[in-house]
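Here is a friendly walk through one model, meant to be read with the structure open beside you. Please keep the viewer at hand and look up each residue as it comes along.

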Amino acid sequence: MIRMTLDEIATITGGRLVNADPALIVSGPVEYDSRAPMPQGLFVAFEGENVDGHDYAATAIAAGAAAVLGTRDTGQPGVVVEEQLAALAKLAHEVVGRLPELTVVGLTGSSGKTTTKDYIGQLLARLGETVAPAGSPNNELGFPCTVLKATPETRFLVLEMGARGIGHIAYLAGIAAPRIGAVLNIGAAHIGEFGSKEGTAQAKGELVESLPADGVAVLNADDPLVAAMASRTAARVVLAGESEASTVRAEHVTLDSRGRAAYELVTGSGSAPVQLAVTGRHQVSNTLVAAAIALDAGMPVAAVAEALGEVGIRSSRRMDVVERADGVTLIDDSYNANPSSTAAALRALTAMGAGGRTIAVLGYMAELGDQEVAGHEEVGRLAAELGVHRLVAVAEAAAVLDGAAGVPEWKGESIAAADQAEAILAVTGDLRPGDVVLVKGSRYRTWKVADALRAGTVTGEVSP
Ligand SMILES: Nc1ncnc2c1ncn2[C@@H]1O[C@H](COP(=O)(O)OP(=O)(O)OP(=O)(O)O)[C@@H](O)[C@H]1O
Ligand SMILES: [Mg+2]
């Protein structure tokens, strides 16, 4: 965090300074895990379900933290506030206000926020110091904590913005208002909470509504619900996509045998060829959004194209391609799943598996609400239409197999695995060189399968 006295922190958060000299300096990281290193930093104590962070205040101070922010006096130097998240929000807001040189980039969408945030971070880092930490810190806790990583040297702060309801993104934008805001897509993710894709669009569009008139809204031109957000912003609109309407456009898209896309990046300031090292057709739209932001930040088109060729996966279990020494390829896309991201992953699987066998291990997709059965059937149907050779549905994902069974031409094998251990057996028994295995599901539901297949890795090579 930028350098502040504890007294300033107390004033900003509306808290009460305890056990400390008001002039005590806080200049290190803000952390809520007492095990994280935080020399001169601020330890935020939360009351968890099982542990109370306040009990670790002394440990954090002994390990180098300057002070504690919590809701009660721990006997350590600190600030006592009414509620931690509101205090973090106020602190983060103040920090952004003190960094006039900073360009704040906000990103939302149903699928690919973390992936694309990592790409944007890798591009902008070529222009100046950039804060875009790996992982998915996109909520009322992770978001302000990311903001608080900005320093006077930071030029770009790239923020993932998540929404589980109306008003969530507006709240985050109130903490740190982006000047550049990008919306990737509107899919069925979290549809259980939004009710419909239109409801999701309403919530995600709060990002472009928050942009200033001198800001930039980067919108995916190929997603009608995203393109329609142009009418909801005062900012200049840049359309990114493959359609004619896009000012940052991909033309002549091709996929190689490893599922990596190449395209001609066409912009108002010239064109350049792009060859991606990351896997999946869906990376075209993700990288176009990243390109539009880098171009706006002043990177020349040739440099953008070259940098896009070098972007890699920074956050784990997202289209992570592992080439095993035995000739088997694992696509670990098990971080999370919804019907659109599963469709993207299945297409990558079949692009990569041309010539060999393709095996899809699909786990339950959470948060689909009344779309649950239909969503699982839809991906099963697509797997069958794409000609996946073996489809393994893990535990509550069984409806996937019903969807596949609805495609009469499909000659593939259908396996219902009661749990991850059964799924592992269903995959590992007869693997041979050339096989490509996709593992995907919501959160932990297929992680053991992915890890078991990874453990079979002899080279441990991860590409790119
Ligand atoms: N443009 C896209 N369209 C569809 N699926 C995508 C797209 N980009 C990434 N994915 C896939 O979506 C899944 C989630 O990716 P990622 O973690 O980047 O998304 P997210 O929006 O940050 O998700 P979360 O809501 O969990 O934070 C991964 O499996 C990824 O491969
Ligand atoms: Mg994310």
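This is a predicted model: local features need pLDDT of at least 70, side-chain atom pairs count only at pLDDT 80 or more; totals for chains, interfaces and linings use all residues.

Arg443 sits in the loop between strand S22 (436-440) and helix H17 (447-455). Helices here are DSSP runs of H or I with at least four residues, strands are runs of E with at least two, and both are numbered from the N terminus. The phi of Arg443 is near 45°, a positive value in a residue other than glycine. At 30% relative accessibility, Arg443 counts as partly exposed.

Residues are numbered from 1 along each chain as its sequence is written, chains are lettered from A and ligands numbered from 1 in the order in which they are written, and side-chain values use heavy atoms, with hydrogens and water left out.

His252 also has a positive phi, of about 55°, although it is not a glycine. His252 belongs to strand S14 (residues 248-255) and is exposed, with a relative accessible area of 65%.

**The metal site**

Which residues coordinate the magnesium ion (ligand 2)? They are Thr114 (OG1), Ser136 (OG) and Glu160 (OE), at 2.1 to 2.2 Å. Donors are N, O and S atoms within 2.8 Å of the metal (3.2 Å for Na, K and Ca), and water is not among the atoms, so sites may look incomplete. Along the chain, the donors of this magnesium ion follow the spacing T-x21-S-x23-E. Thr114 in helix H4 (residues 113-124) and Glu160 in strand S10 (residues 156-160) are 46 residues apart, so the pair links distant parts of the chain. Thr114 is buried, with a relative accessible area of 4%, and Glu160 is buried as well, at 3%.

H4 has twelve residues and reaches 16 Å from its first C-alpha to its last, close to the 16 Å expected at 1.5 Å a residue. The expected span is 1.5 Å times one less than the number of residues in the helix. Twelve of the twelve residues of H4 are buried, so this helix is largely enclosed by the rest of the structure.

S10 is likewise largely enclosed, because five of its five residues are buried. In a regular strand the side chains alternate between the two faces of the sheet. Both faces of S10 are covered: Phe156, Val158 and Glu160 on one side and Leu157 and Leu159 on the other are all buried.

**The sheets**

S10 is part of an open sheet of nine strands in the order S9-S10-S8-S11-S12-S13-S14-S15-S16, with mixed pairing. Its edge strands, S9 (130-131) and S16 (270-279), each pair on one side only. Two strands pair if DSSP finds at least two bridges between them.

| Parallel pair | Bridges | Residues facing each other |
|---|---|---|
| S8 (residues 103-108) and S10 | five bridges | Thr103 and Phe156 |
| S9 and S10 | two bridges | Val131 and Leu157 |
| S12 (residues 216-220) and S13 (residues 236-241) | five bridges | Leu219 and Leu239 |
| S5 (residues 42-44) and S6 (residues 67-70) | three bridges | Phe43 and Val68 |

S5 and S6 belong to an open sheet of five strands, ordered S2-S7-S6-S5-S4, whose pairing is mixed. Strands S2 (16-18) and S4 (30-31) stand at its edges with a single partner strand each, so one side of each is left without a neighbour in the sheet.

**Around ligand 1**

How many residues surround ligand 1? There are 24, and the closest are Lys113, Thr115, Arg318, Asp333 and Lys440. A residue counts here if one of its heavy atoms lies within 4 Å of the molecule. H4, helix H11 (283-296) and helix H13 (339-352) each supply at least two residues of this shell.Polar contacts, meaning pairs of N or O atoms within 3.5 Å, also reach this ligand. A polar side-chain atom of Lys440 lies 2.6 Å from an oxygen atom of ligand 1. Nitrogen atoms of ligand 1 are 2.8 Å from a side-chain N or O atom of Asn286 and 3.4 Å from one of Asn185. Taken alone, ligand 1 exposes 630 Å², and the protein buries 94% of that. These areas come from the Shrake-Rupley method with a 1.4 Å probe.

Conventions. Buried means under 20% relative accessible area, exposed over 50%, partly exposed in between (1.4 Å probe, protein chains only). A polar contact is a pair of N or O atoms within 3.5 Å; within protein, one must be able to donate a hydrogen and the other to accept it, and residues adjacent in sequence count only if both atoms are side-chain atoms.
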